[in-house]
Amino acid sequence: MRIAVTGSIATDHLMVFPGKFSEQLVEGQLDKVSLSFLVDQLDIRRGGVAANIAFGLGALGMSPILVGAVGDDFDDYRSWLDRHGVDTKSVHVSGTRHTARFLCTTDDAQNQIASFYAGAMTEARDIELQAVADRTGGLDLVVVAPNDPDAMVRHTEECRQRGFAFAADPSQQLARMGGADVRLLVDGAAYLFTNEYETSLLLRSTGWTEDEVMDRVGCWVKTHGADGVRISAKGRETIEVPAVPVRSEVDPTGIGDAFRAGFLWGLHWKLSPERAAQAGCTLAAIVLETVGTQEYQLDRADFSDRVARAYGNDAAAEIESKLRV
């Protein structure tokens, strides 16, 4: 299964604030917020939604095709991804802009405040998916993850025009894009990914009900953090998959990307949606226990053991039989 993952490629600057953001907010003054948080920790890591998903797929033994735009400061990052099984030959390099940067501060309650500098990502709108398909021998699925908004719309429209199956993952860009564009991103998607809050944003933005969304997508995958995942498809019973227990919550950044990687890996191996979600939840738990979105190493025995503890031996046997790590 040839999966192209389009979206952001960025450097993450991850900071930790030893307190709670909520304690710094003054009731009645929220329209004049001016806050500076003295942080105790800074980690600079490789990130970006598309790169995180592609890295996860590579870590699980696949060769995903990364599609996005970067600056000429990407050489070290490219080498890292290449070494971990990611095809980076369709990444566009800007001649004038830096690679995007994500700056995120996490408090003691795992709340986050973040900013994102797009940089070279704005040139992703110039990438044509047909050229990627021609180079790789075709595309079985295109993931349209958070990216330059114009790029997301273009890639989605091209998928519809050329008959490429696509997965819609609007995520953070739901807060920025208008209802008309969000409707374009969703309509016709084979898979739609949202978390609980993004589900509400999507419904408000599009003006659609949940049933109307389901009329337009093949499968809607909703992540609910510690409450697990719900998978809905029209005419089928909703599948609920609990989260995998974690040993310690270290950093929530990138756990949604890890889930998507595990889920897509399951689709690649033609596992059931339930099994695919179980693999996704397991990878998400591993990332939650790690600082950084691509700093984890997968061990086949440990991965299988965690699946068995959370979902039973049958699930572990089926998933382990496909692991190539």
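A crossing of two helices is called left-handed if the near helix is turned anticlockwise from the far one by less than a right angle, and right-handed if clockwise. Helices here are DSSP runs of H or I with at least four residues, strands are runs of E with at least two, and both are numbered from the N terminus. With that in hand, helix 4 and helix 5 make a left-handed crossing.

A word on the model comes next. It is a predicted one, in which local features need pLDDT of at least 70 and side-chain atom pairs count only at pLDDT 80 or more, while totals for chains, interfaces and linings use all residues. Residues are numbered from 1 along each chain as its sequence is written, and side-chain values use heavy atoms, with hydrogens and water left out.

Let us stay with that helix pair for a moment. Helix 4 (residues 149-162) and helix 5 (residues 179-186) have axes 9 Å apart and pack at an angle of about 40°. Axes are lines fitted to C-alpha atoms, for helices over the stretch in contact, and the angles run from 0 to 180 degrees between N-to-C directions. Angles under 35 degrees count as roughly parallel, over 145 as roughly antiparallel, 65 to 115 as roughly perpendicular, and the rest as oblique. Helix 4 and helix 5 are therefore oblique to each other. Their contact (heavy atoms within 4.5 Å) joins Met152, Val153, Thr156, Glu157 and Arg160 of helix 4 to Asp181, Leu184 and Leu185 of helix 5. By class, the residues of this contact are four nonpolar, one polar and three charged. In this scheme Ala, Val, Leu, Ile, Met, Phe, Trp, Tyr, Cys and Pro count as nonpolar, Asp, Glu, Lys and Arg as charged, and the others, Gly among them, as polar.

Now turn to helix 8 (residues 255-268) and helix 9 (residues 273-288). The axes of helix 8 and helix 9 cross at roughly 145° and come within 7 Å, and the crossing is right-handed. On the helix 8 side the contact includes Phe259, Phe263 and Trp265, and on the helix 9 side it includes Ala276, Gly280 and Leu283. The contact of helix 8 with helix 9 has 16 nonpolar residues, three polar and no charged ones.

Helix 8 also meets helix 1 (residues 49-59), at an angle of about 45° and with the axes 8 Å apart. That makes helix 1 oblique to helix 8, and the crossing of this pair is right-handed. Val49, Asn52, Ile53, Gly56 and Leu57 of helix 1 make the contact with Asp257, Arg260, Ala261, Leu264 and Trp265 of helix 8. Six of the residues in the contact of helix 1 with helix 8 are nonpolar, two polar and two charged.

In soluble globular proteins, nonpolar side chains tend to be buried together. A nonpolar core is a set of buried Ala, Val, Leu, Ile, Met, Phe, Trp, Tyr and Cys residues joined through side-chain atoms within 4.5 Å. Buried means under 20% relative accessible area, exposed over 50%, and partly exposed in between, with a 1.4 Å probe and protein chains only. The largest core in this model has 59 residues, and Leu57, Leu66, Phe259, Phe263, Leu264, Trp265 and Phe303 have the most contacts inside it. Helix 9 gives the largest share of this core, nine residues. Apart from it lies another core of 34 residues, including Ile65, Ala69, Val182 and Leu192. Beyond residues up to four places away in sequence, Leu57 touches Ile3, Val5, Met62, Pro64, Ala261, Leu264 and Trp265.

At position 268 of helix 8 you will find His268, which is buried, with a relative accessible area of 19%. Leaving aside neighbours within four places in sequence, His268 is in contact with Met1 and Met62. In the loop between helix 8 and helix 9 sits Lys270. Lys270 is exposed at 75% relative accessible area and has a positive phi of about 60°, although it is not a glycine. Ser171 too is not a glycine, yet has a positive phi of about 45°. The loop that holds Ser171 runs between strand 10 (166-168) and helix 5, and Ser171 counts as buried at 12% relative accessibility.

We finish among the strands. Arg46, in strand 3 (residues 41-47), is partly exposed at 28% relative accessibility. Its C-alpha atom is separated by 7.1 Å from that of Tyr77, 31 residues apart along the chain.
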